[in-house]
Amino acid sequence: MSGRPASHLFYQGRGRKPVLEQARGVYMWDVDGKRYLDGSSGAMVCNIGHGNDRVLAAMRAQMDKATFGYRLHFETEASERLATKTAGLMPPGLNRVFFVSGGSEAVESALKLARQYALAVGQAQRWKVISRFPSYHGATLGALAVTGYAPMTAPFDPMMRPMPKIPAPRAYLDGLDPEDPATGRHYADMLETKIMEEGPETVLAFIVEPVGGASTGALVPPAGYLQRVREICDRHGVLMITDEVMTGAGRTGAFLATDHWGVPPDIIVLSKGYAAGYVPLGAMVAHERLVEPVLDSGGFIHGYTYAGNPLACAAGLAVLDEIEREGLIGNAAAMGERLRARLDGLMQKYPFIGDVRGKGLLLAFEFVSDRASMAPLPPEAKAFDRFVQIAYEQGLIVYARRTRGGYSGDHILVCPPMIVTDAHLDEITEGLDRSLAQFADELATRAMT
Ligand code: PMP
């Protein structure tokens, strides 16, 4: 890698990565022929695996017809069909679909639709969007304003309108029982307290990742939490927006994470698994009750050039068809339970794993220096970076984060594509075990636990 010429391309830093040659199913190969098992589906994106023939065929068929039609000039069959299909997968009334090209755009769209709804119904004083910390809702300034993740937000604070935040329900850190409904009430009531502090007439919406993503490491809400959040929102006329960018399209073992608890939000945002990495695509799905007044009041003042792109929509449609045809949501639920049991086994073996959590195939484990206190590993250990590197060298891709801003902890997300088999789970578990053993040696050498 070191002998390569300098790149004109840049992302986060100067480090170079292996060059991807091919990807198929759960595997990826670099140009040197090294094989990787994609244990995180990229960034929890490639839910149906790589190189799916039926999706590629659907994309080719659409490419032969048209790859672009500007939404203000043409409707396309692909976007119409995907909107109808998507609406059919949503709770009743959530049947208005607005296409975008990614998660951040979907979140921006949700915030703006919520605001325009308030204006349309004569509630111009409502503009505050409450969210949680930690949380991640996207990199654009609007989405970042509701993101609770200081390492990414702090440099841009002066450029954003501060939005109120409440703690995410990390019962495992607070020593509370997540199965006890009192725990769910405890955290949900923080929303009501915040609404009262801010002045209920000023609060527009609450945005929440129903099962936490990268920021909290697959945080599952405690019993009754989402139901009570819904009640609180209703009581104060606050819209409930669920960010299902990572959880949507089946990853947690239900099409929407909120389906597990039967809680219907007002607006849902989807991306990642929605087109499973085949093309950039996302959607904001809103209740008709919100969209109608906005359209009556002159229309939604928002939109992106690539919205409803026919190639993207054809790919999205083929992905949803594939999920259905292959029963991948059921597989995510079943395989998720088995993988979870394997991770629990690894926790028995490695004392520096302090928690295993998640739902379906959105799973994570968290490193600690002491299980009793759940104290994190020291930041100098750069545990999440190092562990990802070790696994990568072994040919296993996992996704990791260190969550700062109130709490320091390293969590590793293990989220393979929803097509995984038992044999893949064996391979993932062995890869993790080998990587954890090496990581344990390194920790011991550096006396970090
Ligand atoms: N919301 C959530 C929950 C996410 O996980 C992400 C991406 N990690 C986003 C929003 C932003 O999506 P994108 O990176 O596609 O803009």
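The shell around the ligand is made up of seven nonpolar, seven polar and two charged residues, where Ala, Val, Leu, Ile, Met, Phe, Trp, Tyr, Cys and Pro count as nonpolar, Asp, Glu, Lys and Arg as charged, and the others, Gly among them, as polar. The structure is a predicted model, in which local features need pLDDT of at least 70 and side-chain atom pairs count only at pLDDT 80 or more, whereas totals for chains, interfaces and linings use all residues. Residues are numbered from 1 along each chain as its sequence is written. Of the 16 residues around the ligand, those that come nearest are Gly102, Gly103, Ser104, Gly138 and Val245, a residue being near if its C-beta atom, placed from the backbone, lies within 6 Å of the molecule. Helix H4 (residues 103–120) supplies the largest share of this shell, with three residues.

The protein chain as a whole contains 14 helices and 15 strands, these being DSSP runs (H or I, at least four residues, for helices; E, at least two, for strands) numbered from the N terminus. Along its principal axes, the C-alpha trace of the protein chain spans about 65 × 55 × 45 Å.

Four strands form an open sheet of mixed pairing, in the order E1-E2-E3-E13, where two strands pair if DSSP finds at least two bridges between them. Strand E1 (20–24) and strand E13 (396–397) stand at the edges with a single partner strand each, so one side of each is left without a neighbour in the sheet. Strand E3 (residues 35–38) pairs with E13 in the parallel sense over two bridges, and Leu37 has Leu396 in E13 as its bridge partner.
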